[in-house]
Amino acid sequence: MLQSPLLVLQDSLKRESGSKVQHANIQASKAVADIVRTTLGPRSMLKMLLDAGGGIVVTNDGNAILRELDLAHPAAKSMIELSRTQDEEVGDGTTSVIVLAGEMLHVAKAFIDKDYHPTIICRAYNKALEDAIAVLDKIAMSIDLKDRAMMLGLIKSCIGTKFTSQFGDLIADLALDATTTVGVDLGQGLREVDIKKYIKVEKVPGGQLEDSKVLKGVMINKDVIVPGKMRRKIVNPRIILLDCPLEYKKGENQTNAELVREEDWSILLKMEEEYIESLCVQILKFKPDLVITEKGLSDLACHYLSKAGVSAFRRLRKTDNNRIARACGAVIVNRPDELQESDVGTGAGLFEVKKIGDEFFAYIVDCKDPKACTVLLRGASKDLLNEVERNLQDAMAVARNIIKNPKLVPGGGAAELTVSAALKQKSSSIEGIEKWPYEAAAVAFEAIPRTLAQNCGVNVIRTMTALQGKHANGENAWIGIDGNTGVISDMKERKIWDAYNVKEQTFKTAIEAACMLLRIDDIVSGIKKKQAPGAGQAPKPKVETEGDADNEQILPD
């Protein structure tokens, strides 16, 4: 009897459906949230992770922790993806978004048990999100970007939860200097800050963390090609950047040259030499002091350049070349014969090669108006430097967010409590069955201040009751919990703030992800289970050949 194709498909696919799946998703999401819950706030715990390469990572950054996890459940995987999205979009709030999404799903569990349709829950959640953003807009406070003390205070409060908060203003200073350097005005009051492309973080083990600084220019881990003949220090250098090799072109496919006479060989060599010499003459016409190319540079070209007193670098990374171009005002040229005077970079004040430890580093610094920079980090060990770099990336992301949208909301769980109180108040005016999930979403927002209180080691129930009491009558939206001491205080006085962008993104990502996971009612897995080691493999069918036919062997049925 023939089986229907549908039955065959169902046999080959492992399938779960209905509320079972929703419960499994909620459980998986809750498990992921519980992993990072203890890393929220300034008094949070650290996690020690073994990465894929066998190295050790010690961090309390939500994204860095979840990135190293290898979870099998698809819902858990999508939760980890949330943290990565948050990190790419705004660079902060990676732990908050996971905790909040986990809580949103946890409170929805009661409604799934009561046979509420997931669409109704999602509709209530989306309404709650709209109202939450409206409350945030109401309590947000604009700031002046020129007020450096205010900006530093904000960055410090955002990275106060990180490991490097013990080093005081250092990281905040570095982040603010770097982001203000690379900011570009787009007009109409808009500013673009690309921290990925134009800020390079160079980690050099050794020295003290206090030696870290932002260079007004670029630093690359290279030495000049011929150290004895080329200058290692040039004041106000003229810089030419190339994207082409200064060596003889190799044939694209196999090229055969037939030489009949002995002189032909020397003519061939001479042609190569003349070609390289013509390239160098075209470059030297512009009297450069420094030539940098992304491709190769032959010994002969080195000879011509060093003879003219020009220092040269070869095989530079494309990204480094772009940064040098932005810092000194040069233009990257593809062919030497297209060079113009306007392509020469004259914005750098000093070129110098220094030796740090065993390695040489080339500095192109003291630039007039650099639009790219390098942050030089020094520290005792590699692990420390890696953690400092992670925290610096977060701090720079916060600075970028403020430059893009200069608005603040209170930190320390105050914003969440204000939103929660406002939503609870509004839930009484909502009619129909959506009222209960809407109220549950309001309660879920309290997960952030509750977790902060837990991580401080204070009495959670008393603290939360006191906070809810203060927010219920709407006396002050800025009352929150001080993450260091666990004391209820005014966030404005304590200077504990959050960037509006970060908070808005956290709420949006968490609620949208919770809605997405609730609407999944079927998990179909087409992955075949791997056979246990040592299990006998199925015998392969024997294929008849001509030789077998002669021996009259019959194939097994």
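Student: Which ring does Lys 435 lie over, and at what distance from the ring centre?

Tutor: A charge sits over a ring if NZ of Lys or CZ of Arg is within 6 Å of the ring centre and within 35 degrees of the ring normal. Here Lys 435 lies over the face of Trp 436, 5.2 Å from the ring centre. Likewise, the charged end of Arg 326 sits over the ring of Tyr 198, at 3.7 Å from its centre.

Student: What should I know about the model itself?

Tutor: This is a predicted model: local features need pLDDT of at least 70, side-chain atom pairs count only at pLDDT 80 or more, and totals for chains, interfaces and linings use all residues. Residues are numbered from 1 along each chain as its sequence is written, and side-chain values use heavy atoms, leaving out hydrogens and water.

Student: How many aromatic pairs are there?

Tutor: Rings of Phe, Tyr and Trp (its six-membered ring) pair if their centres lie within 6.5 Å; planes under 30 degrees apart count as stacked, over 60 as edge-to-face and the rest as tilted. The count is four. One of them joins Tyr 248 and Tyr 275, edge-to-face, with 5.6 Å between centres and 90° between planes.

Student: Is Glu 416 buried or exposed?

Tutor: Buried means under 20% relative accessible area, exposed over 50%, and partly exposed in between (1.4 Å probe, protein chains only). Glu 416 has 2% relative accessibility, so it counts as buried. Contact means heavy atoms within 4.5 Å; beyond its neighbours within four places in sequence, Glu 416 has contacts including Phe 445 and Phe 507. Both Phe 445 and Phe 507 are buried.
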